[in-house]
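This report walks through a protein model a few residues at a time. Please keep the sequence and the 3D view open while you read.

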Amino acid sequence: MSKAVLRRCAWRTFLLQASWSFEKMQGLGVLFVMAPAIRSLYRGEERIAVLRRFLGYFNTHPFLASPVLGGMLRFGEDGGKSRSGMAGTDFGNMLMAPYAAMGDALFWGGLRPLAAVMGLFFAVRGSFWGAAVLLVVFNLPAIYFRLVCFYRGYREGGGMVETIQRWRLPDLAIRIKEATVVLLGGLCATWMVSGLEREGAAPAWGLLALPAVCVFGWLVRIGVSPLMIIFSVVALMIPLAMFLQ
């Protein structure tokens, strides 16, 4: 397959979600991504049959869809069947559910909060770099998976599954979440110290909040909803602030 066709398919992965439907989910987007390759590989009635086959149901994480689509393209170039006898569409159907779970945990549950906290460190100081840091931290891995992993999926075919396993994305997502919690704690401490200094109080007064933090952590461990804790704290702090004024 020519480099020009591969390049067109790779860039089209950015529009994978441009057309959703409740029945096919990302199915039409998959057809849009694969169309240049299908037109270069098939002719006549066979092309129509392949186009219809790729118009089926497809739904996975939009960033991790690229290695799947690259692998499907490899299977398609091999004549619709790999050496193991698996068709490209079967390869996609097998991977889309586990890759959706890994992508949600890594990007939505890990990288997005981490990028937001890192951006906040700059934004609270009034720096424009807060928005830039947020966009760079989140989008660099996303673009890597969109483009680089598409080519790797095409080059490795079914071997891309082992590559993704070696990367241990679920473990990486957990480490990113832990780093986000640490950074968020540091950000809250910085805010508290800055607020106490503006009021002319010693920063050591901020240690009085430590018992409350321990109590909230214990409540979360025994199963109390964090959202309920937030609402309760807000409900207590508003009348307390009005009383102190």
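Is Thr60 buried or exposed? In this predicted model, Thr60 has a relative accessible area of 5% and is therefore buried, since buried means under 20%.

**The loop between helix 3 and helix 4**

Thr60 belongs to the loop between helix 3 and helix 4, and a polar atom of its side chain lies 3.2 Å from the backbone nitrogen of Ala100. When residues up to four places away in sequence are not counted, Thr60 touches Gln26, Ala65, Met96, Tyr99 and Ala100.

His61 is found in the loop between helix 3 (44-53) and helix 4 (65-77), and with a relative accessible area of 1% His61 is buried. The side chain of His61 takes part in a polar contact of 3.4 Å with the side chain of Trp108, and it reaches the backbone oxygen of Gly103 at 3.4 Å. Leaving out residues up to four places away in sequence, the residues that His61 touches are Tyr99, Ala100, Gly103, Asp104, Phe107 and Trp108.

**Aromatic rings**

A pair of aromatic rings is described by the distance of the centres and the angle of the planes. In this model the count comes to 12 aromatic pairs, and two of them are set out in the table below.

| Pair | Centre to centre | Angle between planes | Kind |
|---|---|---|---|
| Phe63 and Phe107 | 4.8 Å | 75° | edge-to-face |
| Phe107 and Phe138 | 6.3 Å | 85° | edge-to-face |

Why is the pair of Phe63 and Phe107 edge-to-face? The planes of the two rings stand at 75°, so the pair is edge-to-face, because planes over 60 degrees apart are counted in this way. Phe63 lies in the loop between helix 3 and helix 4 while Phe107 lies in helix 5, so this pair ties together parts that are 44 residues apart in sequence. The pair of Phe107 and Phe138 links helix 5 with helix 6, and therefore ties together parts that are 31 residues apart in sequence.

Both Phe63 and Phe107 are buried, and for Phe107 the relative accessible area is 0%. Phe138, at 14% relative accessibility, also counts as buried. One aromatic cluster is formed by Phe63, Phe107, Trp108, Phe138, Tyr144, Phe145 and Trp167, and it includes Trp108, whose side chain has the polar contact with His61.

Rings can also be seen next to charged side chains here. The charged end of Arg12 sits over the ring of Phe32, 4.2 Å from the centre of that ring, and Arg74 lies over the face of Tyr154, at 4.3 Å from the ring centre.

**The largest nonpolar core**

In soluble globular proteins, nonpolar side chains tend to be buried together. The largest nonpolar core of this model has 46 residues, of which Met34, Leu69 and Met72 touch the most other members. Among the elements that give two or more residues to this core are helix 1 (3-12), helix 2 (27-41), helix 4 and helix 8 (169-198), while the largest share, 10 residues, comes from helix 5. If the neighbours of Leu69 within four places in sequence are left aside, Leu69 is in contact with Thr13, Leu16, Val30, Val33, Met34, Phe58 and Phe150.

Phe75 has its place in helix 4 and counts as buried at 7% relative accessibility. Although Phe75 and Thr89 are 14 residues apart in sequence, their C-alpha atoms are 8.7 Å apart in space.

Which value does phi of Met25 have? It is near 55°, a positive value in a residue other than glycine. Met25 is found in the loop between helix 1 and helix 2, and Met25 is buried, with a relative accessible area of 17%. Arg168, in the loop between helix 7 and helix 8, has a positive phi near 50° and is likewise a residue other than glycine, but at 51% relative accessibility Arg168 counts as exposed.

Helix 9 (residues 210-221) has 12 residues and reaches 17 Å from its first C-alpha to its last, which is close to the 16 Å expected at 1.5 Å a residue. Gly223, which follows helix 9, has a positive phi, near 105°.

Notes
Residues numbered from 1 in each chain as written. Predicted model: local features only at pLDDT ≥ 70, side-chain atom pairs only at ≥ 80, totals over all residues. Heavy atoms only, no water. Helix = DSSP H or I, 4+ residues; strand = E, 2+ residues; numbered from the N terminus. Buried < 20%, exposed > 50% of the residue type's maximum accessible area, 1.4 Å probe, protein only. Polar contact = N/O pair within 3.5 Å; in protein donor to acceptor, adjacent residues only side chain to side chain. Contact = heavy atoms within 4.5 Å. Core = buried A, V, L, I, M, F, W, Y, C linked by side-chain atoms within 4.5 Å. Phe/Tyr/Trp six-rings, centres within 6.5 Å; stacked < 30°, edge-to-face > 60°. Lys NZ or Arg CZ within 6 Å of the ring centre and 35° of its normal. Expected span 1.5 Å × (residues − 1).
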